[in-house]
Amino acid sequence: MAQSILYAAAVLAAAVGTNAQDDGAQYLAARDWRSVTANGPGTKIAVAPNNGPIIVTEDHGEHWVEVSEIGDWAGVTTSSDFTHLCAWEESKRVMLRSTDGGRSWRETAYAPDGDFWRFAVYSRDSTQLWATTQFYHLYYSDDDGASWNRVTSVPHPADYDFIELSKDGTHILTGGSLLYHTSDYGSTWSRASYGTQGDQFHYRKWSDAAVSGTGDKQVAVVYGGALWVSSDGGASWMEHDEVPLLPWAAVAIDDDGSKMIAVADTGEIWHSTNGGDN
């Protein structure tokens, strides 16, 4: 899924660059884009701006359509078949969800305990929706956000800036200043061990991560730091010393874990076709 999202971002950038004015392309005028999401092949894409409507394409970016009201959108996520979409605004207690590719929307249940939603992601088969909150909690929903279950087995408090799942949801990776992983659907969690340095070096600004389809191969990046790779389901991590320290913005991996790509705020793109070996 992450790989298709990076592809979707490239499609969006190309579409904006054409400055086309038909079939909804006027919605691609320069905006404060906050989030992009795509189906498995990357053919169907949704993007969310700050102070604007969510827009959707179903043909690789050839045509775009508004699918929401104007909002201060913080994020949007989709299932791999693009039937389920979920979007959230800054400092709001509800998210909007769609089960028809964005054609219609309804509210999720409120974030519990007066909390506010921060990030969300669908499992590839759309059976589960996982979300983080501003009060540093993890939740999951088995009914598309109609109700929420708090994950009490993960350490708290901690800043959970992202969540990534393997294809069947067995492996889950989340983090912010620390990385936490599970290999049993979230029943038990462990803090990731990386490198040979002591605990005082474990606190980093992890900006993004990605998990392969099986969950065995994982990759994570530090903003202003290194790219790290795990080959054992997130249990241990090694810094990739051939990749420079950069302000990494996003990283992606394909289903079998062989192809990886990372992009930085500087515009640099690094990729590997052998599981991160080089």
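Q: In this predicted model, which side chain meets Arg118 in a salt bridge?
A: Side chains of opposite charge can pair when their charged atoms come close. In this predicted model, the N-to-O distance of the pair formed by Arg118 is 2.5 Å, and a salt bridge requires such atoms to lie within 4 Å. The partner that meets Arg118 in this salt bridge is Asp161.

Q: How many residues apart in sequence are the parts that Arg118 and Asp161 tie together?
A: Arg118 belongs to strand β9 (residues 117-122), whereas Asp161 sits in the loop between β12 (149-150) and β13 (162-165). The pair therefore ties together parts whose separation in sequence is 43 residues.

Q: Is Asp161 buried or exposed?
A: The relative accessibility of Asp161 is 17%, and the cut-off for a buried residue is under 20%.

Q: What is the distance between the closest N and O atoms of Arg103 and Glu58?
A: Arg103, in the loop between β7 (96-98) and β8 (106-107), and Glu58, in the loop between β3 and β4, link distant parts of the chain, 45 residues apart. Arg103 counts as exposed at 59% relative accessibility, while Glu58 at 37% counts as partly exposed. In the salt bridge between them, the closest N and O atoms are separated by 3.2 Å.

Terms used
Residues numbered from 1 in each chain as written. Predicted model: local features only at pLDDT ≥ 70, side-chain atom pairs only at ≥ 80, totals over all residues. Heavy atoms only, no water. Helix = DSSP H or I, 4+ residues; strand = E, 2+ residues; numbered from the N terminus. Buried < 20%, exposed > 50% of the residue type's maximum accessible area, 1.4 Å probe, protein only.
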